[in-house]
Every structure is written in C-alpha cells, then in structure tokens.
Amino acid sequence: MRTKVAIIGAGPAGLLLGRLLDNAGVDTVILERRSQDYVLGRIRAGVLEQGTVELLDKAGVSEKLHADGLVHDGVEFCFDGDKHRFNFRELIGRTVTIYGQTEVTRDLMQARDVSGAKTVYEAENVSIHDFDSDKPKVRYTKDGVEHELACDFIAGCDGYHGVSRAGVPAGSIRTFERIYPFGWLGILVERPPVADELIYAHHERGFALCSMRSHTRSRYYVQVPADEKVGEWSDDRFWDELRRRVDEETADNLVTGPSIEKSIAPLRSFVAEPLRFGRLFLAGDAAHIVPPTGAKGLNLAASDVGVLAEALIEFYAERSSAGIDGYSARVLSRIWKAERFSWWMTSILHTFPDTDTFSRRVQRAEFDYLKSSKAAACSLAENYTGLPI
C-alpha cells in the first residue's frame, strides 16, 4: 500500500488531521491498534476552546456539535465557599463549548467513513521506519498478515504510550515532566448538572470540579492521593466528599444518583522536544500531556494537527517546506503557554502534601486578585478560551 500521509492513531488528533488533509485532496491512511468500539469507549474531556470549534467548523464536522453542544460564557471559581463568576464573553468576547471528546471522535469517524478514506483498526505490531529519509514506511500486522505502508510523511498521533515517540532515537529528543502527587476521582452520572457552567472549587480538603456532558449528564471530580484506589470509594462516600468541598448553595442543589462510570486520572505535565524528526511529526498526547485542570489536552491536540495539516497542504500545493520546517517551533510555543496555564490552575486550586498556612494564604491572595483585577480576569479568560494558534 502507498499513501501520502500515514497517520498513527485514530483518536481525535489523528482523525481530525485526516479529515483536514482529505478535504484538501491529500491522501491519508490511519492505523489504530485498538478497535473502533474501544476508541469510542474512552471517557475524556469535554471543554472545547473557541478555536477548536472553529477548526471543527473548517473540517466540516460540527453540525452535531452546534446542535448539542453547550456554549458557556464563563466559569465559576470557589475558594472555601466564596464563589465568583468570570464572564469570558464580557471580558474578551470569547466562549467555550461543552461537547464530549467521545462525540467529537464519533463525528470524525462518521465523516471519514462517508468519505471512504481508509482506516485500519486493530493494527498490531505497528513500527515506523526510514523517517529520516524521503521514503518512510510503516509496518503493521492485521489478522495475522504483515503489511507495509509506504508514504511521504508519518504523523504520530498515537498518544503518550504510542510507538511514534518511542521510535525516535533517544539522543534526538528531550522530555520535560512533572508528576503531581494526586489524581482526580471522577464519576459520570445520568443527572442534570448542578449549575449552568463549570465550578472549580478549592478547599482545605482538596480540589473539586462540577462539570457536565449535557443537560442530563453530569461529570464530577474530587482530588485524591495519587495511590488511591477506585474500589475504596462508594457513590455515597463520593457525594458526601463533594458536598464538603463546594459552597453551601451548590451542595444543597446537587442532584445525586448512581455512577455510570468511575475512575481515577493521575495528573502529570509532559512535553517532548522537538516534534519533527525528518518525515515524522508528533502531535497530541504523543507530544505533550497537561493536567486536566486547564481543559487543554484535546484543544492542544487540535491546534497541533491544525498547524500540521496547514503545513502539509502547503507542501503538496506549493512544493514549499516552510510550514513543515517551522511546525515544531510553532506548536511548541503554544504548548508551553498551555502547560504554564494548566500548571498555574493546578497550583492555585489543589492542596499539596507540603501545603502550609503560608501557601494557602498565597492561594487565597491569588483568588482575591482574580476577583478584584480586570486585567487578571482577562488573562484567565484569554488562556481558558484558548490562545491564538
């Protein structure tokens, strides 16, 4: 088989890149080691920056998003029961949209199926070769048969544990990482959300988040130690803990119910540099991980592939390598800004094992400054709704 761009990974990053390239007449093949049902079964984030929505518009896959997505003008922060709303629309004229990553993935899958573009699910033993030449290739096994896919470029969109970054020689790449000493215990419940917008809460017992997926499905989180076990948390224990960490009005208005999904997500910050190696490009979680506090993971992946698609389209349309030559530096500039914002959000909203009275006073001062300063509130709004690509 031969294609122009081999894309490894059929998550939202790989699928969106494929869609943007296919729309421009650039042939792609996507290889995914998991089944289609497995990919759709992943429970992930659901806050889309305005720029991500605009990119999905450009890709022609946003009809359902606009029909079912919830446009939010702002968010609420709560510090030991003291709650304040930040109105992004009033501050900077931008918004975010609540629409689950699963739904984004499904929309992209359906569009690819309709287009007839090729996706190989359950591709085993995927390996990348000769990406430092002008004739790269990808090998894989499907149903016991070995295949070789010749291509012009390889896009590694296969996540943190994928083969793409692992295939880069160790001396050619640097990684930067911070592991946080806690995780988020999250539950999904078929109940209406407690508020119209997200509530981020800081409490001496730990962080909490009240979120949603739709008008009838809610997502809630509480901070737990990194070594905590899901089995130690009954639904009743979770609801009791959440009520302790939010303000009194929110606690009284919670509509509880049995969880339909419960899991613990560890928190880490991670960046790889550079993100181009000859004819191989890294994008999405293969390139970076952010704590979920800033709602940047899916959005960073979308901005990565938006830039990469633009560069590859330029290469085929104009025979210019300017875009692909500048890909790594361009996306890393935005990645590090998002890493900073996610680290900052995590730092002010969570309790750390070494948090003392001085540290909590500083966190409180940060919250009070956000409330009292329009400049600080605008900075929050600008970063939360998404910096320019």
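1. Glu 122. Glu 122 is partly exposed, at a relative accessible area of 44%. This is a predicted model, and the values below are computed from it. Glu 122 lies in the loop between β8 (118-121) and β9 (124-129). Its phi is positive, about 55°, although Glu 122 is not a glycine. Please look at this loop first.

2. Arg 319. Arg 319 sits in the loop between α10 (297-318) and α11 (322-349). With a relative accessibility of 59%, Arg 319 counts as exposed, because the cut-off for exposed is over 50%.

3. The β5-β6 hairpin. Strand β5 (residues 74-79) and strand β6 (residues 82-87) run antiparallel and are joined by six bridges. Glu 76 faces Arg 85 of β6 across the pairing. Two residues lie between the strands of this hairpin, and Asp 80 takes a positive phi near 50° there.

4. The cis bond. Where is the cis peptide bond that involves Pro 274? It joins Glu 273 and Pro 274, with omega about -10°. Pro 274 belongs to the loop between β17 (259-273) and β18 (276-277).

5. The six-stranded sheet. The sheet is open, and its pairing is mixed. The strand order is β8-β2-β1-β12-β19-β18. Which strands stand at the edges? They are β8 and β18. Each has a single partner strand, so one side of each has no neighbour in the sheet.

6. The β12 pairings. Strand β1 (residues 5-8) runs parallel to β12, and four bridges join them. Ile 7 has Ala 155 of β12 as its bridge partner. β12 also pairs with strand β19 (residues 280-282), in the parallel sense, over three bridges. Here Ala 155 stands opposite Phe 281 of β19.

7. Side chains of β12. In a regular strand, side chains alternate between the two faces of the sheet. Strand β12 (residues 153-156) can be read against that rule. Phe 153 and Ala 155 point one way. Ile 154 and Gly 156 point the other way. All four residues named here are buried.

8. Strands β2 and β8 run parallel, with four bridges between them. Val 29 stands opposite Lys 118 in β8. Thr 28 is in strand β2 (residues 28-32), and Lys 118 is among the residues that Thr 28 touches.

9. Thr 28. Is Thr 28 buried or exposed? Thr 28 counts as buried, at 7% relative accessibility, because the cut-off for buried is under 20%. The side chains of Thr 28 and Arg 112 make a polar contact of 3.1 Å. Beyond four places in sequence, Thr 28 touches Thr 3, Val 5, Ile 7, Gly 18, Leu 21, Asp 22, Arg 112 and Lys 118.

10. Asn 383. Helix α13 (residues 374-385) holds Asn 383. Asn 383 counts as buried, with a relative accessibility of 8%. What does the side chain of Asn 383 reach? It reaches the backbone oxygen of Ser 379, at 2.8 Å. Leaving out residues up to four places away in sequence, Asn 383 touches Lys 296, Arg 340 and Phe 341.

11. Ala 265. Ala 265 is in strand β17. Ala 265 is partly exposed, with a relative accessible area of 33%. Not counting residues up to four places away in sequence, Ala 265 touches Gly 183 and Trp 184.

12. The second largest pocket. This pocket holds about 300 Å³ of space. Its lining has 16 residues. Gly 100, Thr 102, Glu 103, Arg 213 and Arg 217 lie nearest its centre. The elements giving two or more residues to the lining are α4 (63-68) and α6 (101-115). By class, the lining has seven charged, five polar and four nonpolar residues.

Conventions
Residues numbered from 1 in each chain as written. Predicted model: local features only at pLDDT ≥ 70, side-chain atom pairs only at ≥ 80, totals over all residues. Heavy atoms only, no water. Buried < 20%, exposed > 50% of the residue type's maximum accessible area, 1.4 Å probe, protein only. Polar contact = N/O pair within 3.5 Å; in protein donor to acceptor, adjacent residues only side chain to side chain. Contact = heavy atoms within 4.5 Å. 1 Å grid on protein atoms, 1.4 Å probe; cavity = no way out; pocket = protein on both sides within 12 Å on 5 of 7 lines; lining within 4 Å. Points joined across faces, edges and corners; volume = space filled by probe spheres on them. Nonpolar A, V, L, I, M, F, W, Y, C, P; charged D, E, K, R; others polar. Pairing = 2+ DSSP bridges.
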